[in-house]
Amino acid sequence: MKRRQWRAAAPVAAALAILGPLGWWWQGSLTPDTYSVMDMGHPDYGGGDRTGHAAMHHGGATVTALTGPRDRPADVSVTLVARAEQIHLPDGRSLAGYTLNHASPGPEIRARQGQLVEVRLVNESVPDGVTLHWHGYDVPNAEDGVAGVTQDAVAPGADHVYRFVAADAGTYWYHSHQVSHEQVRLGLFGALVVGPPSGPPAAVDHLALVHTYAGRRTIAGRSGETRVVAASGSTVRVRLVNTDQGTVRAWLSNAAYRVVAVDGRDTTAPPPVTGAALVLPAGGRADVEFAVPDTGGAVRVDVGAGTALVVGPEGAAASATVEPKASVDPLSYGAPAPIGFDPGAATRRFEYRIGRRPGFLDGRPGLWWTINGRMYPDVPMYMVSGGDVVRMTIANSSGETHPMHLHGHHAVVLSRNGVAATGSPWWTDSLEVADGETYEIAFLADNPGVWVDHCHNLPHAAEGLLAHLAYTGVTTPFRIGGDGHNHPE
Ligand SMILES: [Cu+2]
């Protein structure tokens, strides 16, 4: 090649040297139109037994067999009809979104511990299809409601029946897990509250579903103040549920309060709190208990943005206080108690390290989340067997906070940034992991299936911040995309 020709060719060669690998990188990021989450990423056995792996590929159990009771009569029976239509909020606003039985939030489902809950979901007019996931409720896998993993999305005109025993008391919620980053924000959710098996309910037991509709924070669809009537001196339980994508801080004025439950689990010996707010991660719940003053005033429960409950006798006033800077720290709140297993005897140890880097996600360039240095769909498949004691380190160096949500299990927090938990056992299903934080958690693998383990800032999940926990020998016949049009995130 002559010198001049070489001069002309050099920039082309240089461009190819850059574009070639970039093209390869781009192409490698493309996900197929349809795939099974079982074929996604790479199995991680966490140092434990691998024997179930062969079973997984040679006809083990499928998630469809892991249902709640099919024959037992239902104690609580609810039909929820999903529609795409105008939401008419109690605070007078209207917006285009999704409803359940013509309302958002959808109906509150109340049950008692031990009852069989049956919910028939009918999709009348949601074009993308819908599902119901029981957030924080450790249902059998087939009832978990994740499109493409535990069922197909329910198409317009179709229905689907969920059945499960209300084994645990506490405060939970339900929401669609099909195109969830859009459907939850636009209204497809409601509360699930399970009370003790018998006995009278608390004098005042008030549900407070916090949700932001069209930029305005509400409690049960109402912005500003909502009055809750309660007699002077009475004890009140407020069940706070954060259905938003970001953290909510709640605080009380005119009363001390106790945090009596976190993520559906009662705390042990909760001390009274004053001058500190309660942090609710996205998807998280907390029950607070307090006494209405016997001097005639009311208690104000603020959830930020000027939205609050005012709890007290008719007409009683409660002046607002400024949001406290301090927060209740569940790591040291309350008194220790047995957790029922020994995290020191772990049979699997996993890492879930969240980062961020430039790359392509399904062909789209951007700054994307990584799990253990790799990007979706090249993420770990955490493999466990029934009976395993599992430890997981969740570390976040991504620059943003992530409320991490493992389906089907409650985990207990062992430590944060190397500091051991010393309070009431901190059972959680929605754990805020802030940038720079490292949590060590443990759980018992006692609910076979294929479970999503994802960020509940739902747009983050749609951007690939999700992985799965799978039991050896269990597989799913459902597929992402494809004929079922399953797009869970
Ligand atoms: Cu996130």
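This is a predicted model: local features need pLDDT of at least 70, side-chain atom pairs count only at pLDDT 80 or more; totals for chains, interfaces and linings use all residues.
Domain bounds in these views come from an automatic or database domain assignment.

**View 1. Domain 1 and domain 2 bury about 1700 Å² between them.** Carbon and sulfur atoms give 57% of this area. On the side of domain 1, the residues that lose the most area to domain 2 are His 407, Leu 458 and Phe 478, together 27% of what that side buries. To the contact, domain 1 contributes 25 residues and domain 2 contributes 23 residues.

**View 2. The largest nonpolar core has 82 residues.** Those with the most contacts inside this core are Leu 240, Tyr 257, Phe 290, Val 311, Tyr 352 and Ile 394. Strand β34 (residues 466-471) gives the most to the core, with five residues. Domain 1 and domain 3 each supply at least three residues to this core. Another core, of 27 residues, lies apart from the 82-residue core; among its members are Val 78, Val 130, Tyr 174 and Val 194.

**View 3. Surroundings of Phe 290.** Leaving aside residues up to four places away in sequence, Phe 290 touches Ser 234, Thr 235, Val 236, Val 238, Leu 252, Ala 255, Ala 256, Tyr 257, Val 299, Val 301 and Val 311. Of these contacts, Tyr 257 and Val 311 are listed with Phe 290 among the residues with the most contacts inside the largest nonpolar core.

**View 4. Four strands form an open sheet in the order β6-β11-β10-β8.** Pairing in the sheet is mixed. Its edge strands, β6 (109-112) and β8 (133-135), each pair on one side only. On average, neighbouring strands are turned by 25° against each other, direction ignored. Strands β10 (residues 170-175) and β11 (residues 189-195) are antiparallel and share six bridges. Trp 173 has Ala 191 of β11 as its bridge partner.

View 5. Pro 377 is placed in the loop between β24 (364-371) and β25 (380-384).

**View 6. Ala 220 has a positive phi of about 50° although it is not a glycine.** The loop between β13 (216-219) and β14 (225-229) holds Ala 220. Ala 220 counts as partly exposed because its relative accessibility is 36%.

Conventions:
Residues are numbered from 1 along each chain as its sequence is written. Side-chain values use heavy atoms; hydrogens and water are left out. A nonpolar core is a set of buried Ala, Val, Leu, Ile, Met, Phe, Trp, Tyr and Cys residues joined through side-chain atoms within 4.5 Å. Buried means under 20% relative accessible area, exposed over 50%, partly exposed in between (1.4 Å probe, protein chains only). Helices (H or I, at least four residues) and strands (E, at least two) are DSSP runs, numbered from the N terminus. Contact means heavy atoms within 4.5 Å. Two strands pair if DSSP finds at least two bridges between them. Axes are lines fitted to C-alpha atoms, for helices over the stretch in contact, and angles run from 0 to 180 degrees between N-to-C directions. Buried area is the accessible area (1.4 Å probe) that two parts lose on being put together, summed over both.
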